[in-house]
Amino acid sequence: MINRDLYHLIISQLQHDGMNKAAEEVCRETMIPISSVDPNHKNKLYTLLQHLLDREKDINFLDIETENIAIDSIEDHATKTLDLDLGSSPPPPIHFPNFTTKFITTHKGPCRIATFSPDGKYVATGSTDNSIKLLDVMKMKSFNETKQETTDDFAPTRPVVRTFYDHSQPISCLDFHPVFPVLASSSKDSTIRLYELSVKASQKRAFKCIQDTHPVRCVNFHPTGEYLIAGTEHTMLRIYDMHTLQAFVSRHPSDHHFGPITMARYGSEGNIYATCSKDGAIKLWDGVNNSVIHSFVNAHSGAEVNSIQFTKNQKYLLSCGKDATVRLWEISTGKQITRLIATHLQNPGVQQKARISATFNYTEEFIYGSDENTSTVLVWDSRSGDLVQKLSGHNQVVRYVATSPVDTGMMTCSDDFRARFWTDDNIKS
C-alpha cells in the first residue's frame with residue numbers, strides 16, 4: 001500500500017509540473033485510474049522532499065548495527081511447504097485443528113468463490129447474485145458472535161468493507177493482484193473486471209474491463225502481476241499482458257483442452273502453470289514459452305476436474321474432481337501419491353453433481369475439501385491422508401474453500417447463500 005501511495009504522489013507531481021503524458025503512462029503501468037488521484041496532492045511530493053532535505057541538515061545521523069536486531073520471533077510461513085521425500089527426516093508432530101465459525105456473510109444467491117489477499121488482511125467472496133463482497137479479516141476475527149446472522153454485515157465493526165455490483169451474470173472466480181491493491185473477477189457475462197481497492201469506498205465499478213467471446217470460468221495472476229491467465233468455456237487458455245491487455249494463446253493445437261477450462265493456476269515461481277478441464281485432463285505448462293510439458297489424461301477416472309493447486313515448492317499438485325476424490329500428484333514423475341475420497345458413501349464410482357474444490361492450509365499440513373452429501377468441510381492430514389475433522393454449519397453443499405496464506409483463517413462458500421469465516425482455536429492469531 002505504501003508503494004501505491006507513492007505512485008499517487010508521483011502522478012500528482014507530474015500533473016502539477018505539466019507532464020500529463022508522463023502521468024498517464026505511470027497510471028497505465030501501475031493500473032491506477034487517473035480519476036482516483038487526489039487533485040489536492042499536487043506538488044505534495046516536492047513539499048515532502050524539501051522538508052526532508054531541510055531536516056537532514058540539522059540532524060546528526062547515527063550508525064545502526066542491524067545485525068543486532070532480533071528477528072527470530074518473526075516466523076516466515078512462506079517457507080513451510082509439503083515435502084514427501086522418503087529421504088527427508090520425519091516431520092515434527094503437528095497439532096490437530098479445532099475450527100470454529102467467527103463470522104457469516106450472506107449473499108442473495110448461492111456463494112461460489114472466495115479468495116484471500118496476499119497479505120491475508122482481506123477476503124473477497126463472489127455469488128450467483130452477481131455481487132462481490134470485500135471483507136476485513138481482522139474485523140471478522142474480532143466480531144461479536146452473539147449478533148444475528150441476518151444482520152452480520154451491518155454490525156458496528158462492519159467486516160464488509162465494500163460490495164461491487166458490476167457484472168451482469170454470476171461471478172465465477174476472483175483473484176487479488178500480488179503487488180497492487182487490485183481485485184480481478186470473472187463472470188459468466190464473458191468479462192474480466194479489475195477493481196481498484198484503494199480509492200473511495202463509494203467506488204463500486206471496475207476501472208478496467210476485458211471482454212471475451214465466451215463465459216469466463218477462472219482467472220489467476222502471475223506471481224509478478226505482469227500477466228493474467230484465464231480459462232473460459234472455450235478450449236483455449238488465454239494469457240493477458242496486464243500492461244496492454246492483449247491476449248495470447250498457445251500456437252500448438254495439440255496443447256489445448258477438449259472441453260471448457262475449469263481452473264488455471266500459476267506455480268509460486270511463475271515458471272510453470274497448470275490447467276484442468278471438463279475433458280478430465282490436467283495439463284502442466286511451461287510458463288515461458290506457453291507450451292504443454294505434461295498432460296495427466298483421465299486424472300480423475302475420466303470425470304471433470306474441478307480444481308488444482310501447486311504446493312509452494314512446486315513439487316506437488318493437488319486436484320479435486322467430480323469422481324468425489326481429491327488427489328495429490330508428484331510433478332516430476334507425474335505419479336499419483338495420495339487419493340482421498342470426499343464423500344461419506346465411500347464409493348469410488350459415485351459422481352458428484354456439484355463443482356467443488358480442495359486446497360491446502362497455509363503450512364500445507366492439511367488439505368481441506370467438502371462432502372457434497374453431508375454439506376460438511378473435510379480436513380485431512382496432507383502426509384498421512386487421515387481425516388482429522390469434519391466442519392458442520394452449512395445446510396447446503398459447500399462449493400468452495402479458500403484459505404489464508406498467512407494464518408489459520410478459512411472461508412467456505414455454500415449454496416445456502418452464505419460464506420463462513422473460520423479460525424483454528426488451537427492457535428492464537
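Biologist: Why is Glu233 called partly exposed?

Modeller: Its relative accessibility is 29%, and partly exposed is the range between buried (under 20% relative accessible area) and exposed (over 50%), with a 1.4 Å probe and protein chains only. Residues are numbered from 1 along each chain as its sequence is written. This is a predicted model in which local features need pLDDT of at least 70, side-chain atom pairs count only at pLDDT 80 or more, totals for chains, interfaces and linings use all residues, and side-chain values use heavy atoms, without hydrogens and water.

Biologist: What makes Glu233 and Arg217 a salt bridge?

Modeller: A salt bridge needs a side-chain nitrogen of Lys or Arg within 4 Å of a carboxyl oxygen of Asp or Glu. The N to O distance here is 2.7 Å, so the pair qualifies. Glu233 lies in the loop between β11 (227–232) and β12 (238–241), and Arg217 in strand β10 (residues 216–221), so the pair ties together parts 16 residues apart in sequence. Strands are DSSP runs (E, at least two residues), numbered from the N terminus.

Biologist: Is Arg217 buried or exposed?

Modeller: Buried, because its relative accessible area is 11%.

How values were computed:
Helix = DSSP H or I, 4+ residues; strand = E, 2+ residues; numbered from the N terminus.
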